[in-house]
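Visitor: I am new to this structure. Please show it to me, and let me ask how you know what you say.

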Amino acid sequence: MLLHLSTWQEVETYLETSKGIILPIGSTEQHGPTGLIGTDAICAEAIARGVGESTQAIVGPTINVGMALHHTAFPGTISLRPSTLIQLIRDYITSLAKAGFTKFYFINGHGGNIATLKAAFSETYAHLEDLQINNAQSVQCQVANWFMCGSVYKLAKELYGDQEGSHATPSEVAVTQYVYPEAIKQVPLSPEVGTGHKIYSAANFRLRYPDGRMGSNPALATPEHGKQFYELAVKELSNGYLEFLNAE
């Protein structure tokens, strides 16, 4: 059940039996020479919809732009500041909490969002209490990173070994190839790829990682691999959502 394809009456009926909602969040940022700029949002959205279908949960609109300031030296990247993303998350949750939702399960596709999301949750709890919303004490938020699922990590290691890397990875590129086979990109990749450097400014990031990859070889990705990653993530996160939903 997709929130944006539902009516308010349907949402009201849904809330009679469940207070949970799944919110996909990603990023709009460079993903190397062959990775789509929307990779993180594409993966999060597809997997969230799969989890929603599996668990009969409502799925909110995808938050496509996240915290990607370190990628902004590459054309096409769009980023929110951490403070902006915190307020966006707070406003999303506040609106939905007023309607009666209390369990917010964020399926995340971008590592750069994690710290900001956790900060946003803390700020939101305090904000809801300040507003004295009736169900403020019942509101709980959780971030679930699909790329950190144990089953996903294990398969990536088996398929790609050290060439999985940590950004513009073959696993995430494979998922986008599965979802959008018409948008598969193929270009020659340099055998040399930056790895192991700490992340500082956007200019420094591009200096250290000139083609945008971080130790990865996305040329190894295939749509068939993507289907495997998608199915593993949906299964693991469906279990995770139900555990979160049913926990006190």
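Predicted model: local features only at pLDDT ≥ 70, side-chain atom pairs only at ≥ 80, totals over all residues.

Visitor: Why is Cys 141 called buried?

Guide: Its relative accessibility is 12%. Buried means under 20%, so Cys 141 counts as buried.

Visitor: What makes Cys 149 count as buried?

Guide: The same cut-off of under 20% applies. Cys 149 has 4% relative accessibility, so Cys 149 is buried too.

Visitor: How many disulfides does a search of the whole structure find?

Guide: It finds zero. Cys 141 is in none, and its nearest cysteine sulfur, in Cys 149, is 19 Å away.

Visitor: Which residues of the largest nonpolar core touch the most other members?

Guide: Ile 89, Phe 104 and Phe 106 do, in a core of 57 residues. Helix α8, residues 223–246, gives the most to this core: seven residues. Among the contacts of Phe 106 are Leu 23, Ile 63, Ile 89 and Phe 121.

Visitor: What is the volume of the largest pocket?

Guide: About 560 Å³. It is lined by 27 residues, and Phe 147, Gly 165, Ser 166, His 167 and Thr 169 are the closest to its centre.

Visitor: What makes up the lining of the largest pocket?

Guide: Eight nonpolar residues, 13 polar and six charged. The largest share, four residues, comes from α5.

Note on methods:
Residues numbered from 1 in each chain as written. Heavy atoms only, no water. Core = buried A, V, L, I, M, F, W, Y, C linked by side-chain atoms within 4.5 Å. Buried < 20%, exposed > 50% of the residue type's maximum accessible area, 1.4 Å probe, protein only. Helix = DSSP H or I, 4+ residues; strand = E, 2+ residues; numbered from the N terminus. Contact = heavy atoms within 4.5 Å. 1 Å grid on protein atoms, 1.4 Å probe; cavity = no way out; pocket = protein on both sides within 12 Å on 5 of 7 lines; lining within 4 Å. Points joined across faces, edges and corners; volume = space filled by probe spheres on them. Nonpolar A, V, L, I, M, F, W, Y, C, P; charged D, E, K, R; others polar. Disulfide = S-S within 2.5 Å. Lists of a residue's contacts leave out its neighbours within four places in sequence.
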